[in-house]
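This report describes selected local features of one protein model. Please consult the sequence and the coordinates alongside the text.

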Amino acid sequence: MQVSYMTMNRMVEERMAQDDAFRRDWKRGGRPLLSHGRAMSDESLLAKLHELGLDADRERLLATFPRFTSAEAMADAMIAHAPSPIADTQTDWVWIAFICLWERWWPDLANTEMVDDKMQGGYAALAEQDSCKACRLWLEAWHAILDLMARSGTDTLDKFDARFGGTQSVFNWVQDLETELHNAGLDEPQFFRERIAFCETMLARFSGGSLPIENFEAALAQSHFELGDRETGDRLFRHWLHEQPQWGGGWIAWSDSYWLFAAQRNKDAARAEQILQEGLATPGVENRTDLLDRLTTLYEETGRGAEAAALRREIQRASSPKRTMTVRRKPGGMQIKQTFEFGEEGLPLEELPDLAEFLKSARAMPGELSDRPSKVGRNEPCPCGSGKKYKKCCGKRGWSEGE
């Protein structure tokens with residue numbers, strides 16, 4: 001994936017704001033930054049372009065902007081066709097002048113630099129705990145992306161991302177947008193309607209890419225619940241789970257719409273439990289432990305402590321690796337093989353310390369084996385597989401020659 005001039009400029013300006021030594025070194029190099037261009041007038045920017053030998057005026061630039069999706073691409077084309085070579089230390093001025101003039105003269109004609117700015121503006125709003133402001137900026141960025149894709153003939157977000165080169169990847173950003181539209185909707189319900197429209201577009205146009213599209217399915221259905229339309233939410237979840245009954249996350253999201261994410265006045269513990277039980281009864285359901293955990297929480301919150309404790313024990317059993325051991329006699333001793341079965345695919349990172357302790361305690365010791373060799377010579381390899389002589393290893397633990 002390429003890195004755009006906009007991204008590189010942002011990285012440099014952020015470091016300059018934090019690192020005095022870096023700022024001094026950069027200034028000695030004499031390369032301009034976007035902040036320099038934004039402090040200049042239109043006339044000064046045009047004069048800079050003329051100094052570099054480029055025939056640029058307002059009328060010509062306005063006619064050129066629609067032919068490009070970024071000021072960077074436009075600058076590269078202009079530099080390549082310049083009447084005379086432009087010094088490397090001065091080429092940045094071309095891109096800087098184009099983006100500054102573009103955003104002033106034609107702000108409604110999107111380019112990738114404007115998209116990048118709106119994305120980062122949204123993240124800055126989130127840092128200030130303002131989801132609504134972030135979503136307003138991000139929805140503008142989203143509509144700009146759709147416009148850019150139409151103008152460039154790009155049909156997938158993966159392809160757009162590969163050419164975008166922004167400070168944040170579109171792959172990550174659209175998932176953040178979906179999440180924050182929910183958070184903003186809690187304050188302003190209109191954002192739930194925006195979330196529905198966004199998810200419908202994702203499902204209709206971009207379901208064939210690398211994104212986890214099932215997250216947008218769940219978000220779409222849950223947004224209908226948030227707006228009080230249980231009938232549509234139920235219909236969507238039932239449709240998707242009929243097509244993919246093993247989708248454990250779908251059963252959880254559907255249940256959450258009746259309990260975890262439901263407004264207090266709309267909570268329905270019985271319906272939430274029914275959905276989770278239906279998911280658990282589905283053969284081969286994914287994320288079974290997560291389903292059990294969600295049901296346990298529901299039991300705990302509704303005063304069913306004994307049932308919750310029983311489920312906790314079931315989760316613990318399901319989370320513990322199953323160990324099998326095979327022993328095969330060989331001329332010099334025994335070959336011991338242990339196999340651990342972890343059940344569902346994957347292991348949560350937070351369980352790694354417990355796994356390490358389990359493996360440590362589960363290490364096979366000769367004293368644990370019921371099928372011992374009939375005779376182990378003191379100078380023969382120890383049957384535990386340590387590589388030491390028997391007398392220097394397990395022979396010290398009470399096995400005597402000929403036992």
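## Basis of the description

The model is predicted; local features need pLDDT of at least 70, side-chain atom pairs count only at pLDDT 80 or more, and totals for chains, interfaces and linings use all residues. Residues are numbered from 1 along each chain as its sequence is written, and side-chain values use heavy atoms, with hydrogens and water left out.

## Helix α15

Helix α15 spans residues 248-256, and eight of its nine residues are buried, so the helix is largely enclosed by the rest of the structure. Buried denotes under 20% relative accessible area, exposed over 50%, and partly exposed in between (1.4 Å probe, protein chains only). Helices are DSSP runs (H or I, at least four residues), numbered from the N terminus.

The buried positions are Gly 248, Gly 250, Trp 251, Ile 252, Ala 253, Trp 254, Ser 255 and Asp 256. Their cover includes α13 (214-226), α14 (230-243), α16 (269-280) and α17 (288-301).

## Aromatic contacts

The structure contains 13 aromatic pairs. One of them is formed by Phe 237 and Trp 254, which are stacked at 5.8 Å centre to centre with 15° between the planes. This pair links distant parts of the chain, since Phe 237 belongs to helix α14 and Trp 254 to helix α15, 17 residues apart. Both Phe 237 and Trp 254 are buried. Rings of Phe, Tyr and Trp (its six-membered ring) pair if their centres lie within 6.5 Å; planes under 30 degrees apart count as stacked, over 60 as edge-to-face and the rest as tilted.

Ring pairs also join Phe 225, Phe 237, Trp 251, Trp 254 and Tyr 258 into a cluster. Lys 267 lies over the face of Trp 259, at 4.9 Å from the ring centre; for such a placement, NZ of Lys or CZ of Arg must be within 6 Å of the ring centre and within 35 degrees of the ring normal.

## The second largest cavity

Two cavities of 30 Å³ or more are found in the whole structure. A cavity is a set of points, on a 1 Å grid over the protein atoms alone, where a 1.4 Å probe fits but cannot get out; lining residues have an atom within 4 Å of a point. The volume is the space filled by probe spheres set on the points, which are joined across faces, edges and corners.

The second largest cavity holds about 50 Å³. Its lining consists of Ser 255, Asp 256, Trp 259, Leu 260, Leu 276, Arg 294, Thr 297 and Leu 298.

## Glu 180

Glu 180 is located in helix α11 (residues 170-185) and is buried, with a relative accessible area of 13%. Beyond its neighbours within four places in sequence, Glu 180 is in contact (heavy atoms within 4.5 Å) with Leu 126, Ser 131, Cys 135 and Trp 138.

The side chains of Glu 180 and Ser 131 are joined by a polar contact of 2.9 Å. A polar contact is a pair of N or O atoms within 3.5 Å; within protein, one must be able to donate a hydrogen and the other to accept it, and residues adjacent in sequence count only if both atoms are side-chain atoms. Glu 180 and Cys 135 are 45 residues apart in sequence, and their C-alpha atoms are 6.7 Å apart.

## Loop residues with positive phi

Gln 129, although not a glycine, has a positive phi of about 65°. Gln 129 lies in the loop between α8 (112-127) and α9 (131-152) and is exposed, at 71% relative accessible area.

Asn 287, also not a glycine, has a positive phi of about 55°. Asn 287 is placed in the loop between α16 and α17 and counts as partly exposed, at 32% relative accessibility.

Technical notes
Helices (H or I, at least four residues) and strands (E, at least two) are DSSP runs, numbered from the N terminus. On a 1 Å grid over the protein atoms alone, a cavity is a set of points where a 1.4 Å probe fits but cannot get out, and a pocket is an open set with protein on both sides within 12 Å along at least five of seven lines; lining residues have an atom within 4 Å of a point.
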